[in-house]
Amino acid sequence: MSSPTTCYHFNSAIVRKPSSSVVSGLRAEDLGDPDYHGVKAEHDAYIKTLESVGMRVTVLPALEAFPDSIFMEDPALVFTEGAIILNPGAPSRQGEAREIAPVLHELFEKVLELPQGGHADGGDILVTPKSVMIGLSARTDEQGATALIECLKTLGHRGEIVNTPEGVLHFKTECSLLDEETVLVTRRMAQSGIFNDFRKVILPDGDEPAANAVRINKSVLVSSNYQRTMELLDQQGYSVVPMKTSEIQKIDAGLSCMSLRWFRS
Ligand code: CIR
């Protein structure tokens, strides 16, 4: 079982600076290239926000060879008990796992590796107090998810395989954990039955891209492009921190995907 502490009580994060190649990052839909300086400004603000909500942030250098390497969440999964190096599903991102290994070995006593063969992206993994949910998607396959469950057992966590709705990039593109028993979800995700054991805050229609928010300690970081979602969360008593995502959104960024977060004891 993952304790609530594991799920959103964090004091440490790893981020990677954007490279100028970020403008050619992968995208599901062509909304035009992001502006490098705009991405950099949004990323700098993200780091400052992580620090302001109580995190010690390790900032890694940019990797020109990997345009999507700003999305640190995808090649690894971290817990207080240890780290797991994943195997991202997109061919252009697979080398990111090798690049992240040295810092994980510096910061964690236990570092496991997903065996070669299967694929799993961190964006498909939602850590909740009930289980570590692993969404099958175009990036995460059965083989990767099954191997990940074995790695999770070694660290004392229980994994559970679920389905990501058709056509959605990552499982967490449509959901986030707000507290021990509550998730922020799109209507489609709410209706899927996956979150029947949770209280659900359903996003207003049209605000679906705001689903990838991130709870860190007392705060919930939410894209400032979605005013109605920010108001809804505020009314429900959450402490909302608006984050500018106009440029990074062009390459499918959410707010969880730009950092690895854990509680370092
Ligand atoms: C990709 O397609 O891999 C990147 N352009 C976006 C990754 C976003 N990652 C995430 O939501 N965990």
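1. β4 (residues 82–85) and β5 (residues 111–113) pair in the parallel sense, over three bridges. Pairing here needs at least two DSSP bridges between the strands. Strands are DSSP runs of E of at least two residues, helices are runs of H or I of at least four, and both are numbered from the N terminus. In this pair, isoleucine 84 stands opposite leucine 112 of β5. To get from β4 to β5 the chain passes through helix α3 (residues 96–107), a right-handed β-α-β crossover. Right-handed means that, with the strands pointing away from the viewer, the path from the first strand over the helix to the second runs clockwise.

2. A word on the basis of all this. The model is predicted, so local features need pLDDT of at least 70 and side-chain atom pairs count only at pLDDT 80 or more, while totals for chains, interfaces and linings use all residues. Residues are numbered from 1 along each chain as its sequence is written, and side-chain values use heavy atoms, with hydrogens and water left out.

3. Back to β4, on its other partner. β3 and β4 run antiparallel, joined by four bridges, and the hairpin between them has two residues. Valine 78 stands opposite alanine 83 of β4. Both faces of β4 are covered: Gly82 and Ile84 are buried on one side, Ala83 and Ile85 on the other. Buried is under 20% relative accessible area, exposed is over 50%, and partly exposed lies in between (1.4 Å probe, protein chains only).

4. An α-helix has 3.6 residues a turn, so residues three or four places apart point the same way. Just after α2, glycine 54 takes a positive phi of about 105 degrees.

5. Which residues does UniProt mark as "active site"? The unreviewed entry gives His170 and Cys257. They are spread over 88 residues of sequence yet cluster in space, with a largest C-alpha distance of 10.2 Å. The lining of the largest pocket includes both His170 and Cys257. For the terms: on a 1 Å grid over the protein atoms alone, a pocket is an open set with protein on both sides within 12 Å along at least five of seven lines, a cavity is a set of points where a 1.4 Å probe fits but cannot get out, and lining residues have an atom within 4 Å of a point. UniProt positions follow the numbering used here, feature names are shortened, and annotations may be inferred rather than shown by experiment.

6. Histidine 170 sits in the loop between β8 (159–163) and β9 (175–179), and counts as buried at 8% relative accessibility. Beyond its neighbours within four places in sequence, its contacts (heavy atoms within 4.5 Å) include Asp74, Asp121 and Arg139.

7. Glutamate 73 is buried, at 5% relative accessible area, and, leaving aside neighbours within four places, its contacts include Lys172 and Cys257.
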